[in-house]
Amino acid sequence: MIKCISHKRAYPTQEIAEDALIDARTHFDYADQHGPVSVYHCEDCGQYHLTSRGPANEKLAQSLANGKINRQKEANRWLDKLKRK
Ligand SMILES: [Zn+2]
């Protein structure tokens with residue numbers, strides 16, 4: 001994987017970056033205006049990064065709107081509990 005001068009984690013395609021974005025939102029409780037909200041194409045490394053700026057990514061907005069993220073969050077919470085035993 002190419003290292004980017006931005007030192008951000010790079011994703012090879014927009015789709016993979018969007019999956020990572022949604023995954024991040026299901027694993028951490030972000031306040032409304034915090035945490036990554038979108039992905040962007042980087043001119044330095046030619047790959048994709050997550051960003052906390054700009055309008056929310058369409059896929060992410062959809063997942064939030066249809067409750068998919070909250071369901072996944074709940075599932076992760078239970079998985080964490082089970083792992084701690
Ligand atoms: Zn980059």
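Trainee: What makes the span of helix α1 close to the expected one?

Mentor: In this predicted model, α1 covers residues 14–27, which is 14 residues. The expected span is 1.5 Å times one less than the number of residues, and for α1 that comes to 20 Å.

Trainee: Which residues of α1 are called buried, and why?

Mentor: They are Ala17, Glu18, Leu21, Ile22 and Arg25. A residue counts as buried if 20 or more other C-beta atoms lie within 10 Å of its own, so each of these five meets that cut-off.

Trainee: Why are the buried residues of α1 said to line one face of the helix?

Mentor: Seen down the axis, they fall within an arc of 135 degrees, so they line one face. They pack against β1 (38–41), β2 (48–51), α2 (58–65) and α3 (68–84).

Trainee: What makes Ala10, Tyr11, Ala17, Leu21, Ile22, Val37, Val39, Tyr48, Leu50 and Leu60 a nonpolar core?

Mentor: A nonpolar core consists of buried residues of listed types, Ala, Val, Leu, Ile and Tyr among them, joined through C-beta atoms within 7 Å. These 10 residues make up the largest such core. Two or more residues come from each of α1 and β2, and α1 gives the most, with three.

Trainee: How do you know that leucine 60 is in contact with Val37?

Mentor: Contact requires C-beta atoms within 7 Å, so that pair meets the cut-off. Leaving aside neighbours within four places in sequence, leucine 60 also contacts Leu21, Ile22 and Arg25.

Key
Residues numbered from 1 in each chain as written. Predicted model: local features only at pLDDT ≥ 70, side-chain atom pairs only at ≥ 80, totals over all residues. Helix = DSSP H or I, 4+ residues; strand = E, 2+ residues; numbered from the N terminus. Buried ≥ 20, exposed ≤ 12 C-beta atoms within 10 Å, placed from the backbone. Arc of directions from axis to C-beta. Contact = placed C-beta atoms within 7 Å.
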